[in-house]
Amino acid sequence: MNRAVVVFGLLLAIALPLSLLAGRVWLWPDATPNAAIILAELRLPRALLAVIVGAGLGAAGAAMQGYLRNPLADPGLFGIAPGAALGAVVALWFGYTTSAWLLPLFALLGAGGAMALLAAVAGRTGGIALFTLAGLMVASLAGALTALAISMAPNAFAMSEIVLWLNGALTDRSWREVTLAAPLVGLGVLLLWRTGKSLDALTLGESVARSLGVNTGALLWMLIAGIGLTVGASVAVAGIIGFVGLIVPHLVRPLTDSRPSQLIVPSALAGALLVLVADSAVRVLPFVTELRLGIALSLLGAPFFLWLLIRMRRGLA
Amino acid sequence: MTLIAQNLSIGNRLHDVSLALKPGQITAICGPNGAGKSSLLEALAGLLPPDEGAVNLGDSSLAKLHPRERAKGIGYLPQAHEIAWDVPVRSLIELGRMPHGDTRAEPVDAAIAALDLGPLENRRAQSLSGGETARVLLARVLAGEPAWILADEPLAALDIGHQLALLRHLRAAAEGGAGVVLVLHDLAHAMNHADRVVVLDRGRIVAAGAPGYALASDIIDDVWNVKARWLREAKHHLLLLS
């Protein structure tokens with residue numbers, strides 16, 4: 001077990017109980033009326049969902065950066081999150097949200113569609129450049145269709161619902177979302193963890209990895225499935241929550257020896273921690289309406305990305 | 001274990017190339033730019049499937065061999081010294097054990113000792129100089145104990161001292177029983193250090209045999225369009241251009 005697993009595991013163990021108490025109303029188990037019900041039905045599922053979504057996005061980011069050998073890669077760039085968002089937007093457009101299962105189901109279908117398209121274009125050759133370009137095109141297509149759905153929304157209410165939903169949040173989530181996301185994200189993280197050794201070999205480039213016996217085609221399929229499950233399930237239950245996959249591997253890397261295989265599990269833990277803390281913070285911040293989690297993380301993530309670019313430019317100069 | 005190419009053709013890069021390589025020797029592949037040297041090496045390593053023909057490692061065709069089994073037999077060193085992450089040197093060398101599914105200390109330590117990398121073992125990859133990186137990457141190949149070492153221009157970007165040192169290490173590997181195949185641009189290095197030279201031109205083998213035969217002045221004139229002759233100084237050959 002590496003140091004990063006211990007550090008982020010411990011921090012998560014401390015943050016989880018604290019986040020159960022934090023909120024617009026601070027919870028004191030002895031003094032607050034109905035504390036047990038609030039905990040069991042509101043705070044605990046929300047906290048667990050933050051952990052699940054964050055773990056999936058963190059692990060996906062670490063695997064993505066390892067595969068593309070680029071510290072600026074983010075799973076959001078590769079069409080799976082926009083695909084899932086498009087699925088959810090379609091559900092909102094047609095007003096299917098009356099049944100609680102339909103929106104996440106449509107989002108998963110959208111993620112699956114994006115994965116299938118990505119695999120159909122880039123899956124056979126296993127080339128990294130082709131994969132990146134295909135992902136970007138899937139992302140723009142899904143983005144364009146989402147914009148089309150917004151501009152042609154049947155009524156103002158549907159439009160505001162779509163726009164609000166696109167800025168991800170964990171407000172008013174229940175055990176239903178937890179039971180939906182947990183197995184999918186769990187399976188996805190397991191698949192991504194299994195790619196670790198192959199990602200280590202990719203450190204020396206694609207031809208060396210192949211010469212070491214890595215089946216790059218199978219690796220790509222496993223990554224598409226792993227990222228599809230983690231990111232697709234996250235978007236399905238929480239909407240678009242950007243930048244977690246980009247930031248988290250950078251927080252983890254200094255605590256490891258930088259091998260991609262050593263980053264995946266600690267990135268899942270650190271992602272869980274980041275989303276949990278951010279979601280607790282938006283609950284506590286004294287705004288009239290709660291700040292959307294997706295917006296809060298983007299406000300954090302974009303300046304971080306810029307700082308990263310400035311640091312890289314200094315390194316190159 | 002022999003490595004045999006039979007009637008290889010790949011697009012317009014290689015045409016009907018047949019070659020039988022023997023272990024325990026250094027074979028140099030020479031030729032002008034675009035002759036198909038790297039394509040031939042990649043095909044021999046099983047990384048570039050031929051349109052026609054086959055490469056056989058011992059009794060098995062590379063196309064039918066499981067990638068892991070192929071990787072145990074053939075170590076490949078590309079021209080580019082790409083190291084994406086700042087990982088510890090030892091973990092890079094341990095990657096050579098990947099086809100075997102272990103990180104056994106013995107072959108890794110042997111590779112580190114063979115290339116005098118002891119002092120660098122605990123450094124990070126991106127703190128190494130070009131010459132050190134070249135040694136570490138060769139150690140990665142040696143750690144896998146492959147029967148064949150295939151290297152694409154391993155001497156490019158190295159100063160002359162490091163070139164000779166790397167050639168000494170490759171010679172030691174050949175004397176240990178490995179087959180070594182190198183793509184070389186420097187004809188004098190091929191002449192002085194290879195046991196056998198294969199000259200490629202526009203995807204076809206023009207000459208193959210002892211260096212003195214395959215790199216004779218008239219072949220250099222035909223293939224490279226350069227008038228040159230060899231001078232002999234003690235045991236070494238110098239290429240004199242005119």
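Residues are numbered from 1 along each chain as its sequence is written, and chains are lettered from A, with ligands numbered from 1, in the order in which they are written. Because the model is predicted, local features need pLDDT of at least 70 and side-chain atom pairs count only at pLDDT 80 or more, while totals for chains, interfaces and linings use all residues.

**Chain A as a whole**

Select chain A. It has 13 helices and zero strands; helices (H or I, at least four residues) and strands (E, at least two) are DSSP runs, numbered from the N terminus. The radius of gyration, taken over C-alpha atoms, is 19 Å for chain A, close to the 20 Å that the globule rule gives for 317 residues, so the chain is as compact as a globular protein of that length. That rule is 2.2 Å times the number of residues to the power 0.38. The C-alpha trace of chain A spans about 65 × 50 × 40 Å along its principal axes.

Now colour by pLDDT, the predictor's confidence in each residue, from 0 to 100. The mean for chain A is 87, and 97% of its residues reach 70 or more.

**Helix α5 of chain A**

Select residues 128-151 of chain A. At 1.5 Å a residue, these 24 residues should span 34 Å, and the end C-alpha atoms are 34 Å apart, which agrees. The expected span is 1.5 Å times one less than the number of residues. Buried residues in α5(A) include A:F131, A:G135, A:V138 and A:T146. A residue is buried if 20 or more other C-beta atoms, placed from the backbone, lie within 10 Å of its own. Show α3 (80-93), α4 (102-122) and α10 (216-238) of chain A as well: the buried residues of α5(A) pack against them.

**Where the chains touch**

Show both chains. In all, 20 residues of chain B are in contact with 18 residues of chain A, contact meaning C-beta atoms, placed from the backbone, within 7 Å. On the chain B side, helix α2 (residues 67-73) gives the most, with four residues.

Select residues 196-201 of chain B, strand β9. Strand β3 (residues 26-30) pairs with β9(B) in the parallel sense over four bridges; pairing requires at least two bridges found by DSSP. Here B:T27 has B:R196 as its bridge partner. Strand β10 (residues 204-209) pairs with β9(B) in the antiparallel sense over five bridges, and B:V198 stands opposite B:A208. Finish at the turn of the hairpin that β9(B) and β10(B) form, where B:R202 has a positive phi of about 45°.

Definitions and conventions:
A residue is buried if 20 or more other C-beta atoms lie within 10 Å of its own, exposed if 12 or fewer, and partly exposed in between; C-beta atoms are placed from the backbone. Two residues are in contact if their C-beta atoms, placed from the backbone, lie within 7 Å.
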